[in-house]
Amino acid sequence: VSPKNTQPMSKKSTNVVFRMPSELKNPATKLVMKNFADELKAQGRLTPTTLPYLYQLAYLHELNANLMADILFEGVTQVNNKGEVVKRPEVTAQKDFWNQYLSIAKELGLTIKSKVQISGKKDAKPTKAAPPVAKYLPKK
């Protein structure tokens with residue numbers, strides 16, 4: 001089941017609570033995930049089917065933060081056994097984790113672009129305004 005298509009199941013779904021995993025130590029991760037959970041709850045989209053996605057987001061955010069700290073401390077490149085300067089494996093892993101994080105956040109409607117797309121779908125009403133090019137075309 002895609003999290004986009006989840007609807008509040010019943011009044012019982014309002015009792016769904018996101019509990020922060022105890023393994024998470026980064027305060028920024030805790031704050032971001034609390035805000036995401038609060039936002040989904042306010043929209044009525046915090047359901048049992050969205051909880052696994054939130055937990056996955058939390059772990060990806062934590063991994064990303066840890067890798068960024070390592071990259072900032074160690075640098076982006078390293079010298080291998082042949083004496084060549086190469087990209088550190090942490091850089092590739094961080095990029096992969098961040099891409100996974102963004103794709104899940106998009107599915108949940110937690111990125112700016114996905115929020116606009118979701119709100120645009122709700123407010124989409126056909127308009128009968130003439131296209132801008134019409135003022136330049138000769139009238140019949």
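Tutor: Some ground rules to start with: the model is predicted, local features need pLDDT of at least 70, side-chain atom pairs count only at pLDDT 80 or more, and totals for chains, interfaces and linings use all residues. Residues are numbered from 1 along each chain as its sequence is written, and side-chain values use heavy atoms, with hydrogens and water left out.

Student: What makes up the secondary structure of the protein chain?

Tutor: The protein chain has four helices and two strands, in the order α-α-β-β-α-α along the sequence. Helices (H or I, at least four residues) and strands (E, at least two) are DSSP runs, numbered from the N terminus.

Student: How do you know where confidence is lowest and where it is highest?

Tutor: We use pLDDT, the predictor's confidence in each residue, from 0 to 100. The protein chain averages 83, and 78% of the residues score at least 70. Helix α4 (residues 112-123) is lowest at a mean of 70, while β2 is highest at 95. Over residues 5-13, pLDDT stays under 50. Where pLDDT is low, the predicted coordinates should not be read in detail.

Student: How do you know that the length of α2 agrees with its number of residues?

Tutor: The expected span of a helix is 1.5 Å times one less than its number of residues. The 24 residues of α2 should therefore span 34 Å, and its end C-alpha atoms are 35 Å apart, which agrees. Just after α2, G75 takes a positive phi of about 100°.

Student: Why is R88 called buried?

Tutor: Buried means under 20% relative accessible area, exposed over 50%, and partly exposed in between (1.4 Å probe, protein chains only). R88 has 12% relative accessibility, so R88 counts as buried. R88 is found in the loop between β2 (85-87) and α3 (89-108). Leaving aside neighbours within four places in sequence, R88 is in contact (heavy atoms within 4.5 Å) with E74, G75, V76, T77 and Q78.

Student: And what is E39 called, buried or partly exposed?

Tutor: E39, in helix α1, has 22% relative accessibility, so E39 counts as partly exposed. Beyond four places in sequence, E39 is in contact with G109, L110 and K115. E39 and L110 are 71 residues apart along the chain, with their C-alpha atoms separated by 8.5 Å.

Student: Why is the aromatic pair of F18 and Y55 called tilted?

Tutor: Rings of Phe, Tyr and Trp (its six-membered ring) pair if their centres lie within 6.5 Å; planes under 30 degrees apart count as stacked, over 60 as edge-to-face and the rest as tilted. A search of the whole structure finds two aromatic pairs. F18 and Y55 are 4.9 Å centre to centre with 40° between the planes, and this pair is tilted. The pair links distant parts of the chain: F18 is in the segment before α1 (27-43) and Y55 is in helix α2 (residues 51-74), 37 residues apart. F18 is buried at 12% relative accessible area, whereas Y55 is partly exposed at 27%.

Student: What makes a set of residues a nonpolar core?

Tutor: A nonpolar core is a set of buried Ala, Val, Leu, Ile, Met, Phe, Trp, Tyr and Cys residues joined through side-chain atoms within 4.5 Å. The largest one here has 18 residues, of which M33, F36, L54, L57 and L110 touch the most other members. α1, α2 and α3 each supply at least two residues of this core, and the largest share, five residues, comes from α2. M33 touches F18, M20, L54, L57 and A58, not counting residues up to four places away in sequence. In soluble globular proteins, nonpolar side chains tend to be buried together.

Student: Which elements are included in what covers the buried residues of α2?

Tutor: The cover includes α1 and α3. Among the buried residues of α2 are L51, H61, E62 and I71. Across the protein chain, 27% of the 140 residues count as buried.
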